[in-house]
Amino acid sequence: MSFRMSSASSGMGVADHSRTTFLELKRKKVHRYVIFKIDEKKKEVVVEKTGAPGESYDDFAAALPENDCRYAIYDFDFVTDENCQKSKIFFIAWSPSISRIRAKMLYATSKDRFRQELDGIHYEIQATDPTEMDLDVLRDRAN
């Protein structure tokens, strides 16, 4: 079951595998993170990489390309001031300042459509360099 609309108006389609992988992170906690990329030939957003539950935030940040755009989902576990274990799901639109303008445009125009497919995201972060999405930023947003 694929939902494809004209790419001029709504951005890229979303691969079924992308939806399924997100649900595995959300419901089953089998991934710490998922990195998605746009496959221009298929005209859809596909899974590029997943991180195992034991992987760290540094592993996640290192998996993002330093010169190309990506979408990413990160499952952030933390303990509240009341000593409660919590988890928040972050959507990160990674668009490094040194990436190609064409890539930035493609990811920017496709973002809203892709994000709507992923139900259950708590926070969104747009980052052009690693400092805009470091662990402190997530911690501040989640609390």
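I started with the strands: 6 of them form an open sheet, in the order 1-3-2-4-5-6, with mixed pairing. The model is predicted, and I read every entry below with that in mind. Next I looked up the edges. Strand 1 (13–14) and strand 6 (123–127) stand there. Each has a single partner strand, so one side of each is left without a neighbour in the sheet.

I then went through the pairings. Strand 5 and strand 6 run parallel and are joined by 5 bridges. Within this part of the sheet I noted F91, whose bridge partner in strand 6 is E124.

I checked what packs on the sheet. Helix 2 does, touching strand 1, strand 2, strand 3 (44–51), strand 4 and strand 5. The direction of helix 2 makes about 35° with that of strand 3. Helix 4 packs on the sheet as well, and I found it touching strand 1, strand 2, strand 3, strand 4, strand 5 and strand 6. Its direction makes about 50° with that of strand 4.

**Strand 4**

How many residues of strand 4 are buried? I got 8 of 10, so I logged the strand as mostly covered. Strand 4 pairs with strand 2 in the antiparallel sense, over 4 bridges. There, F36 has Y71 of strand 4 as its bridge partner. I noted V79 standing opposite Q85 of strand 5. Strand 4 and strand 5 form a hairpin, with 5 residues between them.

**Cores**

I looked up the largest nonpolar core. This core has 20 residues, and Y71, I73, F91 and F114 have the most contacts inside it. Which elements each supply at least two residues? I listed helix 2 (16–28), strand 2 (33–39), strand 4 (70–79), strand 5 (85–94) and helix 4 (101–117). Helix 4 gives the largest share, 4 residues.

Leaving out residues up to four places away in sequence, Y71 touches V34, I35, F36, I38, V45, F91, I92, L106, Y107, S110, K111 and F114. There is also a second, separate core of 18 residues; F90, A127, L138 and A142 are among them.

**Aromatic pairs**

I counted the ring pairs next and got 12 in the structure. One of them is F36 with F114, an edge-to-face pair at 4.9 Å centre to centre with 70° between the planes. This pair links distant parts of the chain: F36 sits in strand 2 and F114 in helix 4, 78 residues apart. Both F36 and F114 are buried.

I then took Y57 and Y74. Their ring centres are 4.8 Å apart and their planes stand at 90°, so this pair is edge-to-face. Y57 lies in helix 3 (residues 57–63) and Y74 in strand 4, so the pair ties together parts that are 17 residues apart in sequence. Y57 is buried, and Y74 is too.

Which residues do ring pairs link into a cluster? I wrote down F36, Y71, F91, Y107 and F114.

**Cysteines**

I searched the whole structure for disulfides and found 0. C69 has a relative accessible area of 0%, so it is buried. C84 comes out at 36% relative accessibility, so it counts as partly exposed.

**Loops and backbone**

I looked for positive phi in residues other than glycine. K43 has phi near 55°. K43 is in the loop between strand 2 and strand 3. At 44% relative accessibility, K43 counts as partly exposed.

N83 is not a glycine either, yet its phi is positive, about 65°. I placed N83 in the loop between strand 4 and strand 5, which is the turn of the hairpin noted above. Is N83 buried or exposed? At 64% relative accessibility, N83 counts as exposed.

My last stop was D134, in the loop between strand 6 and helix 5 (135–142). D134 is partly exposed, with a relative accessible area of 30%. I also took the separation between the C-alpha atoms of D134 and Y57: 8.5 Å, for residues 77 apart along the chain.

Conventions
Residues are numbered from 1 along each chain as its sequence is written. This is a predicted model: local features need pLDDT of at least 70, side-chain atom pairs count only at pLDDT 80 or more; totals for chains, interfaces and linings use all residues. Side-chain values use heavy atoms; hydrogens and water are left out. A nonpolar core is a set of buried Ala, Val, Leu, Ile, Met, Phe, Trp, Tyr and Cys residues joined through side-chain atoms within 4.5 Å. Buried means under 20% relative accessible area, exposed over 50%, partly exposed in between (1.4 Å probe, protein chains only). Contact means heavy atoms within 4.5 Å. Two strands pair if DSSP finds at least two bridges between them. Axes are lines fitted to C-alpha atoms, for helices over the stretch in contact, and angles run from 0 to 180 degrees between N-to-C directions. A disulfide is a pair of cysteine sulfur atoms within 2.5 Å. Rings of Phe, Tyr and Trp (its six-membered ring) pair if their centres lie within 6.5 Å; planes under 30 degrees apart count as stacked, over 60 as edge-to-face and the rest as tilted.
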